[in-house]
Structures are given as structure tokens and as C-alpha cells.
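Work through the exercises below with the sequence and the model open. Each task is followed by a solution in steps.

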Protein chains: 2
Amino acid sequence: MPSDTSTVLRARFENGSPLTVADQRHIDRLPFSGRNLRRGEVISRQGDLANRLHVIERGSAVAYRYLEDGSRQVVDLYFPGEILELNEFSERWYSSGLMALTDTRLVSYDKADVSRLFYQSPELSRRFINLLSHQQAVLTERLLTLSRAPARRRVAHFLLEIRSRATPGTVNSAYLFGRGPRELQPGRQRLEPVDTVRIPQAVIADALGLSLVHVNRTLRQLRENGVVGSTGHGITLIDIPGLKAEACQTESSGAETRRSA
Amino acid sequence: MPSDTSTVLRARFENGSPLTVADQRHIDRLPFSGRNLRRGEVISRQGDLANRLHVIERGSAVAYRYLEDGSRQVVDLYFPGEILELNEFSERWYSSGLMALTDTRLVSYDKADVSRLFYQSPELSRRFINLLSHQQAVLTERLLTLSRAPARRRVAHFLLEIRSRATPGTVNSAYLFGRGPRELQPGRQRLEPVDTVRIPQAVIADALGLSLVHVNRTLRQLRENGVVGSTGHGITLIDIPGLKAEACQTESSGAETRRSA
DNA sequence: CGGAGGCTTGAACGCTCTCAAACGATGTGG
DNA sequence: CCACATCGTTTGAGAGCGTTCAAGCCTCCG
């Protein structure tokens, strides 16, 4: 148990509006375990018992499933602060595999412990319900994009979603953006534009339900239009408004002032 | 307030395992209003304030959204016993419109009242979380099907999902299956096979992200293969295993014996 | 320097779309 | 009871987007 506490789960629940001290304590007291993974390392397999709840402290991960025809489908990507496989919190077994996309640090809780939180504090229940609900909204959005949109729009939408999800925790997101851990050492600053997405095109393809070849072609088009740039590996987002235009943003994510019951 | 009580929301929470008397009371005491709609009638519009929670008592409904290019996308279908727009429970405004697909009876609650339930009973919170979580699993499944599958598989998957969702409450599902209310009068028994899905092909198309024309063609193929039959309007599911084969059922619901760490 | 993994490009095929038109039931008014 | 309007379904033909197959290239790393 490397560190005595991890604030990442608490931060997830706080999400802007502070918790009561009691609720903070409830979360902080949860027993947890930390785990460091190398890029490409498998976290759990499809069919494994899903009794733990993982939160990403640093790095990124991908949930995927192999279909009968052998093709791989990416179910979701995860970034620092996010809870893995939240979409099947109540399921007993994983219906998808989980892999570290970059070098990653996870914090893991026992689902039974987490469930107990909800008996201890209705407020935490409410917030968890909000998390789930919000996730569903995002999923729904993705569903709409995937089912009908042409490749250009899918890719643009994908890049924007990644950007919006990975940017918040600046420090952590450096694992995904920029050149990776090595370049983060002071003095070696590459001063690369921050908006560089470093996800293998194969993963993008499997996430969007496109072939790798066509994702590549689509990126080339966007590049020729000056919307994105290429830094060898990694995609630099140059013209964000342009990207949004490509994505035909439904943009339901406007700055919402929210207090709710 | 036509009837003094409605058991449909309670049934949703019970879902097999009985509630304590206290919890039952909590739900039964919620103030609600009933509403009858004709086929095609609009329940709410995209952008409307989403402060009510609707449950279908009889009939069926569809959630849809118009995209910038003018095309319509079906977000979800709803059947008796299901909660409408559960995927955006925490949102303040509807991001999609809602329409009665057949003659329908709704029961509606105030979201604030429902939220209060969660403060009163952790058990109800837990169950609601399960509902949300399960919905997400279904959504995820649909996402996988939509993003990559060819038309045949999409249609087959769709028909099976409809069947599995609409069948349970036999009586209510008659509004969707069979010839509709009129034919249900005793004595007029049409004895039509129960597994007849009566959803306009246009809706199916918008749900699957296919063109109406191609949905039709695909249905014809399935018909020629003897998997489904056509009763003029309505699609009769003849060969369920055949359909499942077409759908390449991932069928994550298999009884998996697994111990693992 | 050589290998491995990921990126890039070309060509041909095929699934799905759009456009266009006809058919069939149902319901309405004459 | 028929003519007509309407809505949903059915079918054909041509075009476009994305796939598969098959190479070639680049970059990092041992």
C-alpha cells in the first residue's frame, strides 16, 4: 500500500461541490490498493470476476471486447480521475477486457465497500447516481455519432471527446498528451503543443468501428485541411473550431450552472 | 388522477426481489399523474424542462433527436414498465424529443420527489443504481452492434432486443405485438403468432442508422431465408435461433462458471 | 544494423445510400 | 360503394464511402 491515502476517488465524488467532512471521511476510510502497470499490460480479462472498482490515478486505459468474427471493439477509454467500467458497476463479471494504454497507476476498491457507502450516506448515493447518469448521457452521444456519421465526423468527434476528457487534470494528462513520461523531466521540455493526442490509430479505429486504413486516410484529409497536424506519432489538434465544425457538434455540454436538488 | 395508485413504478423497483413494506410505502405515496396519449402524440420536446419522470403503464414510446443535417435519430424505444429517458435522469433539460409510438398510458412523477426517495431509503438508492447500471450495459451492447455490424446483424439484433424488452408483461405488450387494441376484444382473437413486431420500418431505420430502403431490403432477405415472416404490416419472428445466429449474439448473459482471483 | 510495431498509400470490391417510382392498405367524402 | 388521398411498404438503378488485400515506409530500440 504505497500511499496512505488516495484522493482520486474523493475528487471524483466532489466534482466541484465540496462534500461534508463526514462524507469525505467515509470515502477516505475505504481500504484500497494501488497498482502500477506498463503500457499494454492487461488489467482484467473478459469474463473475470468484477468485484473491484478501479480508478485511474495516472495514465490511461482501454476497455475492449473481441467479437465472434475476431474483430476487436473498443468499448471505452479511461483517463485520470475516471472510474473504470462504470458502465457495468452492477454486473458480476466483466463483459470486456481492460488494458493499460500508457504506463498507468490504478487505485482499486472493493465494490462491496463502495456499495456500503451508499447505505452510509444518501448524499453519496445521489452523487453516484449523477455520475452514472452523466456517463449514460455521454454514451448516448457516442451512440448517435457512431451509428450514422461518416468517418470525418466520427474522427473529429473522437478527438474532441478525448481532449475534453483528458485535459482537465493537466499534470496527469501529460501521460497521454505530449511525449510521455521521459520528456516530462525538467530541462527536457519539448514544448510540444499540449493538444497532441497520442493514441494508436488502431485503437481509434476499433473505437470508431472503422478500419485502421480508413482512419489513417481520414486523418490525412484533416491534415490537408489544416485542422490537425502530425508529429510522427500523435495527432496535434490545430484548429479546434474547425474540428468542431467537422464534428457537427451537438454540443449539449454547454457550461451548465447546476445546483439540483 | 384516474386511479388512486399505480404499481408500475414500484414493480420497476421490485423487479423480482420484494421490497420492505416501508419502502413500498415510500414509493406508493409519491404523488403522480396519469396521462393517455394517442399514437404519434408528442410527450415532450427536445429542450423542454425535464422535471418529470415518466413511466409507461401501457403502450410504447420513442425518444428521438434531429441532427443538424435534418436526419432523425432514434435514441431509444420504451415499453411497459420502463422509465422514459432514464439515461438523462440528472439532466435538467431533455436532449431528445419523446413521442408515443402506439396508444399509450403514462404515469408521471416529480423528479424532486423521486430523488427524495433516495434520502429516505438507501435500499431504494441501491436498486436505482442497479437500474441505471443495467441500462448502461444494454446501451453499451447496442453501441457495439451499431458501430460495426452490417445491416443484417443490426436488424436481427434489433428485433431480438425488442422482443426481449416487450415480451415480459404479456398483457401490456399486446399493444406492440399483435394487431393492437381493437383486436384484443374477446371473441375477435386473431390468434396471430405472438412474436409479431409492429414498428414502422422508418423507426427501425432511424434507430439503426440505416436508410428506410435498406432496412426493407434487409427484411426481405431475412424473409427469403425463412427467419421472419411478413404480415403486411408487422414483422413476425419465426426462427428465433436463426435470428440469434444472424445477430451473432454476444450473449454475455450465458451462465459462466468462473472463479478467478 | 536489423527487427518490430506503427503509420502510409494504392487498387479493387462491396455494402449502403440516394433518387425515383410503384404498390398496398386504410380512411374519408361524395 | 367507389374515387381519392394518405401513409407505409416495396423494388430498381447508379453513385459513394469504407473495406480488404497488399505493399512500402518510418521510427524507435536493442
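**Exercise 1.** Which element supplies the largest share of the surface near DNA strand D?

Solution. The model is predicted.
- Step 1: list the elements that give at least two residues each to this surface: helix 8 (212–224) of chain A, and helix 7 (201–208) and helix 8 (212–224) of chain B.
- Step 2: pick the one with the largest share, which is helix 8 of chain B with 6 residues.
- Step 3: The residues of the surface divide into 8 nonpolar, 5 polar and 4 charged.

**Exercise 2.** Find side chains that approach phosphate oxygens of DNA strand D.

Solution. 
- Step 1: in chain B, a side-chain N or O atom of B:Asn216 is 3.2 Å from a phosphate oxygen, and for B:Arg223 the distance is 3.5 Å.

**Exercise 3.** Describe the interface of chain A and chain B.

Solution. 
- Step 1: count contacts; 56 residues of chain A touch 54 residues of chain B.
- Step 2: take the area; the two chains bury about 5,000 Å² between them, 54% of it on carbon and sulfur atoms.
- Step 3: look for salt bridges. The rule finds 4 across the interface, including one between B:Arg148 and A:Asp206 at 3.0 Å, N to O.
- Step 4: assign the chain A side; helix 4 of chain A gives the largest share, 22 residues.

Technical notes:
Residues numbered from 1 in each chain as written. Chains lettered and ligands numbered in written order. Predicted model: local features only at pLDDT ≥ 70, side-chain atom pairs only at ≥ 80, totals over all residues. Heavy atoms only, no water. Polar contact = N/O pair within 3.5 Å; in protein donor to acceptor, adjacent residues only side chain to side chain. Helix = DSSP H or I, 4+ residues; strand = E, 2+ residues; numbered from the N terminus. Nonpolar A, V, L, I, M, F, W, Y, C, P; charged D, E, K, R; others polar. Contact = heavy atoms within 4.5 Å. Buried area = accessible area lost by both parts, 1.4 Å probe. Salt bridge = Lys/Arg side-chain N within 4 Å of Asp/Glu carboxyl O.
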